[in-house]
Amino acid sequence: MSTLNVKVAAIEQVTPLIKHFTFVNEDGSLLPAFSGGSHVVVAMEAEGRTYRNAYSLMGSPAETEAYHISVRKQENSRGGSVFMHENVTVGMSMKITQPVNLFALSKLGHKHILIAGGIGITPFMSQIEDLKMMGARFELHYAFRAYQHAAFVNELTEKCGDSLHCYADSQGDRLDLNELLSSQPLGTHVYVCGPAPMVVAVLETARTLGWPESSIHNEEFTSPPVGLPFKVQLAKSGIEVNVPGEMSMLEAIEAAGLQPEYLCRGGVCGRCELNVLENDGGIEHNDHFLSESEKASCRKIMPCVSRTKGKHLVLDL
Amino acid sequence: MKPNFKQESFRGDYSYKNSPVAVKRFPFPFSEDNYMYSVNIEPHTKGKPGSVYEFAFDIDEHYVSECMDKIITLEEDPGRYTALPHMMGAQWDFLELAMTSLANDYPDYFSLKRSGSKWSWENKPLGIVDVFTFGDKSTLPMEPFEYIGRQLQGDYVLLDQRDETLYADAGIVTSQADWSLAFNAGMSWKEWHGPVPKVTELGVLDRALKYLLNLQLGSPVRRLNWTMTINPRLDTSPENYPHWGGDRTKVNAENVADLVNLRVELQTLFRLPRSNAIVFGIRCYLMSLKDIATFPRWAKRLHRVQKTLPTDLIEYKGMTIYHPFVIDWLSQFDDGEELGFGTQPE
């Protein structure tokens, strides 16, 4: 895992719940270039534990003087976003990973429909820069609760002009997915990022209308869910690790001093996959990576988001 | 290492030779007495000074002659360079990666000065000086990928990532071990690996693909691949089969050590930043059996690997006709000594 040392250059409260953070390279040099839709994992050194959360890069990929992320404060979370909001200050040094793109634009798309819900707008902020550079046709459909919660509407209006379509729930605006997705030219790709019900609705509508699977894209990072505490035995390391309710298994394994592989920490990329040697059947698979049959076999687990309700879990680590 | 660039040929009179330094740094691929396909991918991190792994792109004593041979091949067959239109971003990404690496790693030979998008590039060994605008292909004498590809040893393929797989959508390929860019261009991972025996059953392909789809910026990886080539010929393409295919019938017990070369490919993969494409580099090293045998440990190891190689692999690598001569010749060095794990020459 190659990491970058950055400094917090600015923090801006964009909406009552969203803060925008600007990072610059600690040594003053340019940061690596990236592609629209990329994310970084930010390490947060809190008291007694390290949070690592993935956040989409929002700035223009062409401007690498700084990286930009936005964080929505999640009240019922394990504490990562709360830490970002309450403990991170301007001038602070932080470690982030090199950018990774698990939500890339298809360069062969004839047209691109981007659908964002709430904070799900962030990966599209860098994608629209790429689309404009490519001279590609696109529409951005942005749904949110109310204008006071809609980050970056002004900025987006300026950048997208007529390509931006806003839907404020408080005003009764509704995005008619069926109408939108049934009237697109051949070769159109659709991308969705937002709350789970919205993602599901877009995927189902597109599939029902006969969109090819390769033209449907979604970013579906799962925050590690809070659950019951449990114990996991690591066979190769010969240790037993306690996983508290508000900590992911991956975090607990790291806190025990091991450095397992990881990339997205959201159940998407598959890098942290571990083999299950023994279990008593209580595995809760929360990832989007393993196939249904792999999940049912309970022989693999993604420790970044998955847990167990069982009493016995032995992993090949 | 500061190589003294040689004047030599990879066709016709085949004057290509390895110096003792080049023999010693040869990336011998066999760490055990048996060979089998595996996901032998490791991080492409900085290796020992003087080794082929010291830098991102290895430049050695054959640099100038290899680049000249590449020009001959491209002039005879311009189709050895191809790029689909959506790969232009990846072309510039690769040019940047190569130029910044070379200028940083070999300051005596290459220099890059950047002032915004105005770039000045100098390649001293090849006598190239150009000033161009990064991102504007009209300011270079040819497309950026071909421009920089002609100034590197080895072949390069740009892979576009979409639909959960990788597509070979651009390439500059002039030193290939019997595969065709014209045939493979636009193919997906599974399509271009189709002819390789055993790998599908072993699940090697799926695991390697999964790994590469997550390849991270700043964390390139590498692996070695190998075959054998008669005469030190770089261009063993299917297009030019009439020029080299027949050489395989000329091998006999007397000339085998001179004619047969172990051909090792140092394959590297880098994630490219703006395009999210991957560049696949295939850097070819040729070493005659005679030169390999200057290190008895290598000769013994190579003998055991060849002796136990499955028939379908011998066939796939096109070695069937002359393979018995190779084993016979190498057997004189093999006293049965226990060699231990590792590819080191001594």
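Colleague: Hi! How many residues lie between β6(B) and β7(B) in their hairpin?

Modeller: There are 2 residues between β6(B) and β7(B) in that hairpin. In the turn, Asp163(B) has a positive phi of about 50°. Keep in mind that this is a predicted model.

Colleague: Noted. And in which sense do those two strands pair?

Modeller: Strand β6, residues 155-162 of chain B, pairs with β7(B) in the antiparallel sense, over 7 bridges. To pick out one spot, Leu159(B) has Ala168(B) of β7(B) as its bridge partner.

Colleague: Which strand is joined to β7(B) by 3 bridges?

Modeller: That's strand β2 of chain B, residues 81-83, and the two run antiparallel. Ala83(B) stands opposite Ala170(B) of β7(B) there.

Colleague: Nice. What's the strand order of the open sheet in chain B?

Modeller: The order is β1-β8-β9-β10-β6-β7-β2, which makes 7 strands with antiparallel pairing. At the edges stand β1 and β2 of chain B; each has a single partner strand, so one side of each is left without a neighbour in the sheet.

Colleague: Let's zoom out. How many helices and strands are there in chain B?

Modeller: Chain B has 14 helices and 10 strands. Its radius of gyration is 20 Å, close to the 20 Å that the globule rule gives for 346 residues, so chain B is as compact as a globular protein of that length. Along the principal axes, the C-alpha atoms of chain B fill a box of roughly 60 × 45 × 40 Å.

Colleague: And what share of chain B is buried?

Modeller: Buried residues make up 37% of the 346 residues. As for contacts in chain B with a separation of 6 or more, 71% are between residues 24 or more positions apart.

Colleague: I've been looking at Val52(B). Where is it found?

Modeller: Val52(B) is in the loop between β1 (42-43) and α2 (63-76) of chain B.

Colleague: Why does Val52(B) count as partly exposed?

Modeller: Val52(B) has 19 other C-beta atoms within 10 Å, and a residue needs 20 or more to be buried.

Colleague: Which residues does Val52(B) contact, leaving aside its neighbours within four places in sequence?

Modeller: Those would be Arg25(B), Pro27(B), Asp58(B) and Leu266(B).

Colleague: Switching to chain A: how many of its residues are in contact with chain B?

Modeller: 19 residues of chain A are in contact with 15 residues of chain B. The chain A side divides into 10 nonpolar, 7 polar and 2 charged residues.

Colleague: What about the open sheet of 5 strands in chain A, what order does it have?

Modeller: That sheet goes β14-β13-β19-β15-β17, with mixed pairing. Its edges are β14 (239-243) and β17 (300-301) of chain A, each with a single partner strand, so one side of each is left without a neighbour in the sheet.

Colleague: And in what sense do β13(A) and β19(A) pair?

Modeller: Strand β13 (residues 230-234) and strand β19 (residues 313-315) of chain A pair in the parallel sense, over 2 bridges. Gln233(A) stands opposite Val314(A) of β19(A).

Key:
Residues are numbered from 1 along each chain as its sequence is written. Chains are lettered from A and ligands numbered from 1 in the order in which they are written. This is a predicted model: local features need pLDDT of at least 70, side-chain atom pairs count only at pLDDT 80 or more; totals for chains, interfaces and linings use all residues. Two strands pair if DSSP finds at least two bridges between them. Helices (H or I, at least four residues) and strands (E, at least two) are DSSP runs, numbered from the N terminus. The radius of gyration is taken over C-alpha atoms; the globule rule is 2.2 Å times the number of residues to the power 0.38. A residue is buried if 20 or more other C-beta atoms lie within 10 Å of its own, exposed if 12 or fewer, and partly exposed in between; C-beta atoms are placed from the backbone. Two residues are in contact if their C-beta atoms, placed from the backbone, lie within 7 Å. Ala, Val, Leu, Ile, Met, Phe, Trp, Tyr, Cys and Pro count as nonpolar, Asp, Glu, Lys and Arg as charged, and the others, Gly among them, as polar.
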